[in-house]
Amino acid sequence: MREGRVLSYTRSMIRKNAVENAVPVSLFFTCLADTFAPGVAFSAVTVLERFGARVEVPLSQTCCGQPAAGSGNFREARRMAAKLLAVFDGEGYIVSPSGSCAATVRHVYPVLFRDEPRMLARARAVGERVYELSRFLVDVLGVTDPGSAFAGKVTYHDSCRLLQGPGAGSAPRALLRAIPGVELVEMDESDRCCGFDAAFAVRHPHVSAAMAERTLERILETGAQFVASADLGCLFTIGGLISRSGHPVKAVHLAEVLAGPAEAAP
Amino acid sequence: MTDPRPHAFSRSAESALADPDLQAALSCAIPRLLERRRAAVAADPGFEEARDAASRIKAEVLDDLDLHLERFIAEAGKRGAKIHAARDGAQARDIAAGIAREEGITLAVKGKSTVAGEIGLNPALEAAGVSVVESDLGEYIVRLAGENPSHIVASAVHKTREQVARLFNVVLGEPYTEEIPALVGIARRRLREKFFAAGMGITGANFLCADTGSVAIVTNGGNGRIAATLPRVHLVIASIDKVIPRLADLPLFLRLLARSATGQPLSSYVSVLTGPRRPGDAEGPEKLHIVLVDNGRSAILQGKYRDILACIRCGACLNVCPVYRSIGGHAYGWVYPGPMGSVLSPLLLGLPDAAPLPDASTLCGACAEVCPVRIPLPDMLLALRSDARAQGLRTPGEVLGSKLYAGAMARAGVLEALQRIAGIVSQLLWRNKAIGWLPWPFSGWTARRDFPAPAPQPFRRLWKKQRGIGPWNR
């Protein structure tokens, strides 16, 4: 009880600091979290506010265009990219609870606008401001302890797009390890793609499912209660297998673990 | 090599998933190759710098490929090699058959050469009355089974030890054994007779060194060296992208190739062959013919996919690719499987004839991470997908789907309306539990996995309710 009070006092101090030195952050909540898992977006807000961010949520955002871009439908992808660039025009950090959506803006937009210098410059300017949540917490805010009350044995699946860029897998792990109630157990081949890619999963569902099954095997080997990932796509495919097979493991988003169970599902 | 059939990728992949022998072979061999590579790279502190250096040298070659080739041709010619230039596969086949006829060859032993598979060399030589014996163990096994190689380095990686044992037992009539040394011994004994009888040895080339006109061949069985030195005639089939500027660059490439391919510091046999046997030489062929095959490569050189010509055929991108690891190489339908094949095959065959290949990837980026010459394979796969759309190779349904999706996402209001409809439907039909059945084209997903139900209300609506629309929340 006493510990709880200390914790809540610390939190209120953090919040007080937060208002004074608020870092403005625009939440790029992603269409998947928006449509299928609002709790993930709320969790991201919870964690960001816990560490003093002033979270702005531009509600005119829709989708970054990753499914179109990834399947080579560049015309539609460019339209959607232009929209996102307009929505997030300006200054300050843009944070997303998704490694692959952040990577789309950072790495794929410049490809889409290769031949349009003006749009390319805008894409680069916005791309530099976009961060995946855990990397933002660690690299920008310098968070070492996420202050989460989440408890359980957790294994971490690296979403492959998140891996693009040096040391991408280290931020989520550092944060998970710092949670007192979390026991992080590493799965074998945590960075092997689980087979989720919107277009690939539709075109080659059997290959995609086989890849996911391999990932699930590796997860089950750890005996973890939870598998966490920074991408909802991975969690859809892994979670879809889990719910079909009834295995005793739960797919959770990294943001939900970082936020703690109370805020996990509104 | 049979006709290319990458268009059957989807069906072939499905049967590959259902083949227990293939699955057993892949899950035994590939992790071993990966682990060996990982250990070899970890043991080489300068590996990343070596990749940078190799990638720079390859760029230097591709900037002036014609000059480097001219140099190679001149230097190799000076040292007594006969050089033939083949514009395409047909010309290369004619040249090879012509050489065999001229030299009166009836039996040839051959080392592993993927470009020979690309141009269909074996059937052409067989038609010209030459029997061709594969001397690479993997190729030998694959040939016995009447199959094609499924890997650019380990041709028979798709076969289990038991399958090979049965093959040697049934086809060769050897006593059944699953002992690998015994199986290797059988192949060695049978090949030895052929090596002594063959009038011609055929090999590929791992590298062509421009400044000395040398052909570098690496093998682990030593068969490449025997094929290159024992028979009277040595025929080298090499694609034009194999050239490197200097013999002095060779150690760098050998280091990268061996570590990336098999996790060895160096391949067991490295042969650097410069010209045929000179007077006084103890060994070597009397004649050395080198066929340089273009077959579409100078066209690739002019375009945005130029860097695929830097590929040194180590196979690391195959081994690490989660798609290749799931289905093996045959599903890709031609001699070049995996990520490098999914880029190269459409460029060599034409995108319409290999359209499914660039889509045979989740763009996870694992291939780019291991490529020893840093070819941006995922970027190229993505660009090829964009070409497919631009060339009208997508189905009207898919194009329409993409347009509808972009239309729905153009306005947040439209998206929210759709989300609310989806939320209501989901509550009515599935009570917000995981969805177990979806109609085509999503039926494939729900065949083996559930799909998450849309939330009753989307985040954007919940957020508006919770926080209102303040100055921060436009």
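How much area do chain B and chain A bury between them? In this predicted model, the two chains bury about 5900 Å². Carbon and sulfur atoms account for 57% of that buried area. Chain B brings 64 residues to the contact, and chain A brings 68 residues.

Polar and charged pairs also cross the boundary. Between chain B and chain A, 27 residue pairs are in polar contact, with both residues at pLDDT 80 or more. The interface of the two chains holds 8 salt bridges. E189(A) forms a salt bridge with R325(B). The closest N and O atoms of E189(A) and R325(B) are 2.9 Å apart.

Several helices of chain B give two or more residues to the side that touches chain A. Among them are helix 1 (9-17) and helix 2 (20-42). Helix 15 (322-327) is also included, as are helix 18 (377-390), helix 19 (396-408), helix 20 (412-430), helix 21 (443-448) and helix 22 (459-467). Helix 22 of chain B supplies the largest share, 7 residues. By residue class, this side of chain B divides into 31 nonpolar, 17 polar and 16 charged residues.

Chain B itself contains 22 helices and 10 strands. Its C-alpha atoms fill a box of roughly 95 × 55 × 45 Å along the principal axes. Of the 474 residues in chain B, 57% are buried. Contacts in chain B were also sorted by sequence separation. Among those between residues at least 6 apart in sequence, 73% join residues at least 24 apart. Chain B exposes about 19800 Å², and carbon and sulfur atoms supply 56% of this area.

Notes: Residues numbered from 1 in each chain as written. Chains lettered and ligands numbered in written order. Predicted model: local features only at pLDDT ≥ 70, side-chain atom pairs only at ≥ 80, totals over all residues. Heavy atoms only, no water. Contact = heavy atoms within 4.5 Å. Buried area = accessible area lost by both parts, 1.4 Å probe. Salt bridge = Lys/Arg side-chain N within 4 Å of Asp/Glu carboxyl O. Polar contact = N/O pair within 3.5 Å; in protein donor to acceptor, adjacent residues only side chain to side chain. Helix = DSSP H or I, 4+ residues; strand = E, 2+ residues; numbered from the N terminus. Nonpolar A, V, L, I, M, F, W, Y, C, P; charged D, E, K, R; others polar. Buried < 20%, exposed > 50% of the residue type's maximum accessible area, 1.4 Å probe, protein only. Areas by Shrake-Rupley, 256 points an atom, 1.4 Å probe, with all protein chains shown as cover.
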